[in-house]
Amino acid sequence: MANNENENNQFDDIEDIKNELEIVDWEDITEKQLLQIGSMLPNINPETAKELMENLPDFSNNAKEALASVQNTVETALEQNGSSNKQVLDMYNDTIDNLNEQLKRDDLSVQEKEVILNKLSRMLAAADRKDSENKAFLQTMTGILATTTIAVFSIGLAILGTAKTNPKDLLPKK
């Protein structure tokens, strides 16, 4: 957002919203700005929200496009992550299998076995870190999609005249 002076205040005028989002012309609203409006809705006066919806060109299609764009980006990121993660984990597994095979050799000294076990331990630790990183990435991507969906849903609520409803209150409680 352009500034945070209205972040916790009521938006009572459509010009305040335009200024907050640095919108010159409603025809040129970006997907990002559209989604930002969703996060602002709990602070927008219902009458101002109705006026806002009247000013947004082809709102329904823009909202659908914004959501589809974010969903496509998340899906692409997840696909690429899955492929990349599988390649790395396959490499770790191959290396671990190789090290396990080496440990079976009878001609190894205690020191050589110790070196192999240390390499095996480092490889297992690296695979565990990679798994943790991947889980954090998946959680972030899920969060992005959920936040975007809430924002678009919030804007839809405003169209129906329920801008004072916090969309997070509509989600199932964990």
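1. K130 has its place in helix α5, which spans residues 110-159. In this predicted model, K130 is buried and yet has no salt bridge, the nearest side chain of opposite charge being that of E133, 4.6 Å away. When residues up to four places away in sequence are left aside, K130 touches N85, V88, L89 and Y92.

2. K18, found in helix α1 (residues 14-21), is likewise buried without a salt bridge, and here the nearest side chain of opposite charge is E15, at 4.3 Å. Not counting residues up to four places away in sequence, the contacts of K18 are with I23, V24 and W26.

3. E15 also belongs to a patch of negative charge on the surface, where it gathers with D12, D13, E51 and E54.

4. Which residues of α2 are buried? They are Q33, L34, L35, Q36, I37, G38 and M40, so that helix α2, covering residues 31-40, is mostly covered, with seven of its ten residues buried, where buried means under 20% relative accessible area.

How values were computed:
Residues numbered from 1 in each chain as written. Predicted model: local features only at pLDDT ≥ 70, side-chain atom pairs only at ≥ 80, totals over all residues. Heavy atoms only, no water. Helix = DSSP H or I, 4+ residues; strand = E, 2+ residues; numbered from the N terminus. Buried < 20%, exposed > 50% of the residue type's maximum accessible area, 1.4 Å probe, protein only. Lys, Arg positive; Asp, Glu negative; His and termini not counted. Salt bridge = Lys/Arg side-chain N within 4 Å of Asp/Glu carboxyl O. Contact = heavy atoms within 4.5 Å. Patch = residues over 30% accessible without salt bridge, like charges linked within 9 Å, V, L, I, M, F, W, Y side chains within 5 Å. Areas by Shrake-Rupley, 256 points an atom, 1.4 Å probe, with all protein chains shown as cover. Charge placed at Lys NZ, Arg CZ, Asp CG, Glu CD.
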